[in-house]
Each structure stands twice: as C-alpha cells, then as structure tokens.
Amino acid sequence: MTERIYYTEPARRSFDAVVTAVVEHEGAPAVVLDRTAFYPTSGGQPFDTGHLGTTDVVNTVDDGERVLHVVSARPRGDLLNVGEAVHGEIDWTRRFDHMQQHTGQHVLSAAFDRGLDNRTMSFHLGGESSTIDLAREVSAVDVERCVDEANRVVWEDRSVAIRFASPEEAARLPLRKEPVREGPLRLIEVADFDLSACGGTHVARTGEIGLIAVTAAEKFRGGSRLTFVCGGRALRALRGYRDAVAGSVRSLSVLPHELPAAVERIQADGKQLRKTIARLQSELAVHAAVRLIAASPVVDGVRRAAHVLDGWDAAGLKAVASSMTAESNVVAAIVGTSAPIAIVVARSPDVALDANAVLQQLLKRFGGRGGGKPELAQGAGLTGDPQEIIAAACELLV
Ligand SMILES: [Zn+2]
C-alpha cells in the first residue's frame, strides 16, 4: 500500500521513499514506492510527472492500494531496484497548474450550485482548458453572474482546508458532491462556500487560483457544458485573444469592439464581388471563345483549341469552353494560371472525343482531382507549368 503524501500535504514538491516493487504497466516499467507525492490520474485531474532520482516519471497511475510511477527506462537500462531509497521530485509547474484549475472548478461549481441550484455532473481537466457539465441549461446572463460570484470568492482569498470524515459524519454534512468511495472520506472545504468529497490536490487559499474565466458555454446532454480557464491559463488565454484581436484590428483599421461588424461587412462584400465576377465572366466568355476559336488550327475538319487563359477562375474557364464547343466541330482544352491550377476539357456534340478520358490522362501526369462527362470534364489542383500542361493536352485532343 502506498502512503499518499498529497492527501495531507498537497504543496509537497519533493520527498524521500523506498522502492517496494518494480512492475509493468501497459508494457512500460513502473515503480511502486512506500510513499509518494505524485498524484495519479483520478477525479478529473491528470497525473503528475517528474523524477525519481535520475529517472523520468512519465505517468502516474492509481492502482487501487498502490500508486504506479511509470518511468522511462534509464539510458543504460538499469531501473530502480526493490529496496532502493529514492528521492522524488514532481514537476511543480504542471502540478500547480492542475491545482489552480481543480480548486477553481470547485469554486465555480459551488457558485452554480449555490446561485442557481444547478449541479455539476462531471469535470474534465484538459491540456489547454477544462470543462464542467451542468445538469441544466444556463443562460449567458446567469453564467456571468456565477462567474462574478466565483471570482469574488477567489479575491477574498478564503482558506481551502482538507478535512477527513467517517461516512457517518459525512452523511450529516452538507456536501455539494457526494462521495464515490467507501470508508473514511477526504473533504475539501472552501471556507463558508463549499464542502466536497474529493481526492484531488488543491491550493491552500482561493487567492492562488488568480482568476476564473469561462471561455465558452454550449448546450450539452440536456444541460450546459462550460469551458473555463484559471490562473496562469487565464493569462495565456488573454494573451492569445489580445494577439488575435491586435492583428485583426491593425489590418482592418477598426477598434476591437467594431471587429464583428467589420468581418460581417467583408463577408458581404466578398459575396457581392463573387457574384459580379461570375456575371462579368459569363458575359466575357462569349467574346473570349470567339477569339480563341479564331486562333485555333483546324486539323482533319476539327478545330483544336488548346489555350492557357490568364485571370479566369474555374467557373470562367468552364463558361469559355462551353461557349467554344457550342459551335460544331470543336475540341477544347483550357488551362488557368492561378494556383491551384484548373483545367476544362470539352468537345462539340458532333465530335467523338471522350473529354473525361483526356482529363484523366492529364490528372495522372500532373496530379489533381476531377471528372466529368464525355462532352465536358473539369479538373483542379494540377501541379506544373500551365504551358507544359496545355502542350500535353494538345497531343491528346486527337
Ligand atoms: Zn475535486
């Protein structure tokens, strides 16, 4: 049985212990100690990492009575031996981050519980952000109200105490979260605000949480899922938003609060422009077709029109090709110049050529995707020099 130092001393970063067993966990070597400050994944909080002597601990696993320290093998392959005394050191940056998030979660959940009688059904502490799932849906206004309340408790710097209670004692206490374990219970008490059964590691005072910020709220399984960040993560999130906003306001020359409207305007403008371009291209296609047909040679009674067209998009190329092959006895291959390169192969109804077969041969040689019918086929994403592609197409238009 491993003594769990973090139950009573969650702020302990290093400790001395003795190796009691070396086992395997999912194919990796794992060390069991008589006592440990390493927290194993449980209750929504991820595992600690760190060192046992010179060996890296890469994962910590709760194995009932024991705690498994999954280690990376030493370069020479000599692992810690049973009976060996060892000095353990946990990665405090990672652990303290987890403590900020986990204690922040207790305060946040309690705020929803006390303010709205909305229970937290589950908690996940992720790599970037964390989530709680609330039993019922919650309005944006209520989210802000409860987040304000949670931060008030953070800034009042209340004590976060660890208490132990028998199941009988616990049954008489107003626990927010009922225990999932049998036997003596470990309770986390945020002074005059929250009392929950929890085996996780917590900061000693709420002030260490720094800040609790909800970054997203969505409907989830009949309730709400809230994404939140605390402490150092809140600062990182703010920096991320700042950089994104600063870059956008600079290029759009607007104030931060004007961004949503500016983006909407740009989207509307883009839509309008695409419409205008489509209309102009279809009008221009007729003229381009006449010019290209006139510039194409007639071989065995069929006009072979293979051309590179600059400044046309895929829809425009198709309009030109269609216009050309509306005449009789025309085969056409039109290649665009802007990447990703687009191509259209087409023929008049009275010519026997299979346009799609020609396109497939070109795609085989120049890459890209596409397809179509014997009379007209389109491809896109070809790589190569447009002149080279059209020369290859020309040879196939027979
Ligand atoms: Zn907890």
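Reply: Terms first: helices (H or I, at least four residues) and strands (E, at least two) are DSSP runs, numbered from the N terminus. The model is predicted, so local features need pLDDT of at least 70 and side-chain atom pairs pLDDT 80 or more, while totals for chains, interfaces and linings use all residues. Numbering runs from 1 along each chain as its sequence is written, and side-chain values use heavy atoms, with hydrogens and water left out.

Me: Where does Asp192 sit?
Reply: In the loop between β12 (185-190) and β13 (194-197).

Me: Buried or exposed?
Reply: Asp192 is exposed, at 70% relative accessible area. The cut-offs are under 20% for buried, over 50% for exposed and partly exposed in between (1.4 Å probe, protein chains only).

Me: And Asn329, where is that found?
Reply: In the loop between α7 (314-325) and β18. Asn329 has a positive phi too, about 55°. At 31% relative accessibility, Asn329 is partly exposed.

Me: Which residues does the cis peptide bond join?
Reply: Ala339 and Pro340, with omega about -5°. Pro340 lies in the loop between β18 (330-336) and β19 (341-347).

Me: Now the metal. Which protein donors does the zinc ion have?
Reply: His102 (NE2), His106 (NE2) and Cys198 (SG), 2.1 to 2.3 Å from the zinc ion. Donors here are N, O and S atoms within 2.8 Å of the metal (3.2 Å for Na, K and Ca); water is not among the atoms, so sites may look incomplete.

Me: How are the donor residues spaced in sequence?
Reply: H-x3-H-x91-C. His102 and His106 are four residues apart in helix α2 (residues 92-116), so about one helical turn separates them. Both His102 and His106 are buried.

Me: Switching to helix α8. What should its span be?
Reply: Its twelve residues, 355-366, should span 16 Å at 1.5 Å a residue, and the end C-alpha atoms are 16 Å apart, which agrees. The expected span is 1.5 Å times one less than the number of residues.

Me: Which residues of α8 are buried?
Reply: Ala355, Asn356, Val358, Leu359, Leu362, Leu363 and Phe366. Seen down the axis of α8, these buried residues fall within an arc of 155°, so they line one face of the helix. That arc is taken from the directions from the helix axis to the C-beta atoms.

Me: What does the face turned away carry?
Reply: The exposed residues Lys364 and Arg365 sit on that face of α8.
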